[in-house]
Amino acid sequence: MTRRADTTDEARFRAEARAWLEAHGLAWRAEAEAIGFGQKHTPEAERVWFEHCRAWQRTLYDGGWAALTLPTEVGGRGLSVPYRILFEEEAARHQVTAGFVGASLALIVPALLTFGSSEQQARFLAPALRGDEAWCQLFSEPEAGSDLAGLRCSAVVDGDELLVNGQKLWTSSAQFCEWGFLLARTNPEAPKHAGISFLLLDMRSPGVDVRPLPTITGSRHFNEVFFTDVRVPLSQIVGGIDQGWGVTRLVLASESVSIGTSGPNRDSAEDLVRLARERGRLKEPPVRDAVAAAHIEEQILGWLGERIRTAVLDGHAPDVDGSVLKILWAESRARRSDVALEILGADALLDGTDAYRAGFWQNQMLDRYQGLIGGGTVEVHRNGIGERVLGLPRETREDREVPFRDLTKKPSE
């Protein structure tokens, strides 16, 4: 695989992007390092990191870099996808990121552009791209995670509004977001995939209760969210009532491609080499083998990503399924933290300022579930690869055409 050279226009664009990032990114990154790149887990520190990422999103918007491929009428520059790839490559080199604020835009913006009304696009796109209004994804529930269409959160039409009741789970950064995109069951008489609506929900509405879920690292990134008679205008349904599953599939596809590619990489194989050298273990054969394996996985992941970018640059549809990238990224990240802790030995039990890099690798190990579960478990993605890519028989789904209300009935009913 050979990546073609930038065209004259692309080279000019890349130089412009690099100059802008050097002018604006250094100060942001210096402050990010002082903050700790989101690795400190107190409510105050997490709020500071979120707002620092939001500030970078505003800087991007003010500089004209936040919506390169969007139409000019909604605040974009109307460029083709290759230009966005070039900018993302330069941004990665400068270790700058809008973090969760930017990652959520990769989900809601395509949904609004594809299925949203002109009024919805006019109301929501610009504030989102400026970072004025951050968005969270209200999909998972206690009984609807891997089988998302089994969700029970309900929305009933009441005049020109919907009345929402139910619970969501594992909602990232809900405590900081002004808006959320919510899946709710609006027709229990329809089969489970057909009676769902995609709603735009003001997180400051009466009846919305956000409760952070502290994890083993002390992080409060996840939340459970409860809804009690929350009112949502009918005008905030995207794609039509009961027609939310198509919007959902677009969001899930965007998520599987974007996850794991939105932040600075501070746990690379090169970092493992540095750790092994500093600990005097670089010459040990088991350590060398493990670090080499991590390097190989990293290279494969990089080449797969490059293959996708090259296809896009050449005007072709990528032949690498997004689930392949998601699985390899999540599992290789987990294995790198295993290698690091093996190198640290007994010192891996230290915490805080006593620990190497203030416990960075310990945090990576404890935090691995975010990659292995977030955005769909690796098992779900493997199923998808089997069905979509390999053409294996689909799993038996006897409940696909059954009205949802019948699925939730108890045997005695």
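Helices (H or I, at least four residues) and strands (E, at least two) are DSSP runs, numbered from the N terminus. With that in hand, we can take a walk through this structure. It is a predicted model, in which local features need pLDDT of at least 70 and side-chain atom pairs count only at pLDDT 80 or more, while totals for chains, interfaces and linings use all residues. Residues are numbered from 1 along each chain as its sequence is written, and side-chain values use heavy atoms, with hydrogens and water left out.

**A loop and a pocket**

Let us start with Ala358, which sits in the loop between α9 and α10. Its phi is near 55°, a positive value in a residue other than glycine. Most residues other than glycine have a negative phi. Gln95 has a positive phi too, of about 55°, and is not a glycine either; its place is in the loop between α3 (81-93) and α4 (99-115).

Some residues of this tour can be set side by side by their relative accessible area, where buried means under 20%, exposed over 50% and partly exposed in between (1.4 Å probe, protein chains only).

| Residue | Relative accessible area | Class |
|---|---|---|
| Ala358 | 57% | exposed |
| Glu88 | 44% | partly exposed |
| Gln95 | 17% | buried |
| Thr217 | 16% | buried |
| Arg14 | 11% | buried |

On a 1 Å grid over the protein atoms alone, a pocket is an open set of points where a 1.4 Å probe fits, with protein on both sides within 12 Å along at least five of seven lines; lining residues have an atom within 4 Å of a point. About 490 Å³ of space lies in this second largest pocket, a volume being the space filled by probe spheres set on the points, which are joined across faces, edges and corners. It is lined by 20 residues, and those closest to its centre are Gln39, Ala358, Gly359, Phe360 and Asn363. Helix α10 (residues 360-366) gives the most to this lining, with 4 residues.

**Thr217 and its neighbours**

Thr217 lies in the loop between β6 (208-212) and β7 (223-233). A polar contact (a pair of N or O atoms within 3.5 Å; within protein, one must be able to donate a hydrogen and the other to accept it, and residues adjacent in sequence count only if both atoms are side-chain atoms) of 3.0 Å links its side chain to that of Thr215. The Thr217 side chain also reaches the backbone nitrogen of Ser219 at 3.2 Å. Leaving aside residues up to four places away in sequence, Thr217 touches His41, Asn363, Leu366 and Asp367, where contact means heavy atoms within 4.5 Å.

**Helix α9**

Helix α9 (residues 322-344) is largely enclosed by the rest of the structure, because 19 of its 23 residues are buried. At its start, a side-chain oxygen of Asp321 comes to within 2.8 Å of the backbone nitrogen of Ser323. Just after α9, Gly345 takes a positive phi of about 65°.

Arg14 is found in helix α1 (residues 8-35). Its side chain makes a polar contact with the side chain of Glu90, at 2.9 Å. Residues that Arg14 touches, beyond four places away in sequence, include Arg3, Asp6, Leu86 and Arg93. Glu88 has its place in helix α3. The C-alpha atoms of Glu88 and Ala17 are separated by 9.5 Å, though these residues are 71 apart along the chain.
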